[in-house]
Amino acid sequence: MMSALGGLALLGFWELMVRTSNISALVLPAPSAVVLALWNGLASGYLWPHILRTSTEVLLGLLLGATMGFAGGVALGESARMRRVLMPYVVISQVIPKLALAPLFIMWLGFGMLPTVVMTALICFFPLLENTSTCMQQVDPQRLALFRMLRASPWQTLWRLKIPAGLPNIMAGFRVAVVLAWVGAVVSEFISASHGLGALIIAAQGSMDTALMFAVLGVITLLGLVFYKAAEGLERRLLQSRIHI
């Protein structure tokens, strides 16, 4: 409630400041102008294909990146030798600015959705890999000893002990990946796409339609929050199912 009131107060101050000052609409449009641009874009159907395109890229990139991150995290967490050999290369893949890789992805994969999905996956897989790998190594030694006494196989120990015990940390990495997936998709669209919300921001910038730029940013923010809340809901369901096991 307090967050909503604070947001409304900020919007009211923004509207008042724009109306009572000489700030050009090209520099900072009033919230009412942004809402009007958003309404026109939604009512005319202009925004919907771009929303669908970017949402699809985020979902595909997140699915690919989360799968890679979880599988890689389990593998690195289970094998100290593999972790020593591969972890430096994983870190290097994250240190390299992804924006600098976009032209290469376009050359290798062409224009369209595929380069954006690949870049999104590359950006969002690391938090899940790091959290999964770390929690695989931090299981309670007494519980591990109990599983050994019960002669549990490595596979049973992994799925019955290590993953359930590390689930809160794994899902924390997934929530971070959800946020980064939106960053990756939109930034990639700045360069490699002609459709999508990121490409629409560049088009609005070229036509000096600042109100539309703010409207698209608002859509990205709202969709990012929806995806984040969905990730929180998934986390609650998984943690509840873990309790009932």
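**Notebook: an all-helix model**

I began with the secondary structure and counted 10 helices and 0 strands in the protein, taking helices (H or I, at least four residues) and strands (E, at least two) as DSSP runs numbered from the N terminus. This is a predicted model, in which local features need pLDDT of at least 70 and side-chain atom pairs count only at pLDDT 80 or more, while totals for chains, interfaces and linings use all residues. Residues are numbered from 1 along each chain as its sequence is written, and side-chain values use heavy atoms, with hydrogens and water left out.

**Confidence and overall dimensions**

I looked up pLDDT, the predictor's confidence in each residue, from 0 to 100, and found an average of 87 for the protein, with 98% of the residues scoring at least 70. Confidence is lowest in helix α5 (residues 98-109), where the mean is 77, and highest in α3, at 93. The C-alpha atoms fill a box of roughly 75 × 50 × 30 Å along the principal axes. Of the 245 residues, 41% count as buried, a word I use for under 20% relative accessible area, with exposed being over 50% and partly exposed in between (1.4 Å probe, protein chains only). Taking a contact as heavy atoms within 4.5 Å, I noted that residues 24 or more positions apart account for 72% of the contacts with a separation of 6 or more.

**Nonpolar cores**

I next searched for nonpolar cores, meaning sets of buried Ala, Val, Leu, Ile, Met, Phe, Trp, Tyr and Cys residues joined through side-chain atoms within 4.5 Å. The largest has 33 residues, and those with the most contacts inside it are L62, F174, W182, L197, V216 and I220. At least two residues of this core come from each of α3 (48-78), α6 (113-136), α8 (154-192), α9 (197-206) and α10 (210-244), and α8 supplies the largest share, 12 residues. I then followed W182 and, leaving aside its neighbours within four places in sequence, found it in contact with T54, S55, V58, L197, I220, L223, G224 and F227. A second, separate core of 11 residues includes M87, A102, F105 and L129.

**R53**

I located R53 in helix α3 and recorded it as buried, with a relative accessible area of 18%. Neighbours within four places in sequence aside, R53 is in contact with G112, M113, E189, H195 and G196.

**Cysteines**

Searching the whole structure for disulfides (pairs of cysteine sulfur atoms within 2.5 Å), I found 0.

**Largest pocket**

Finally I looked at pockets: on a 1 Å grid over the protein atoms alone, a pocket is an open set of points where a 1.4 Å probe fits, with protein on both sides within 12 Å along at least five of seven lines, and lining residues have an atom within 4 Å of a point. About 350 Å³ of space lies in the largest pocket, the volume being the space filled by probe spheres set on the points, which are joined across faces, edges and corners. Its lining has 13 residues, of which L11, V34, L38, G218 and V219 are the closest to its centre. Two or more lining residues come from each of α1 (2-20), α2 (31-43) and α10, and α10 gives the most, with 7 residues.
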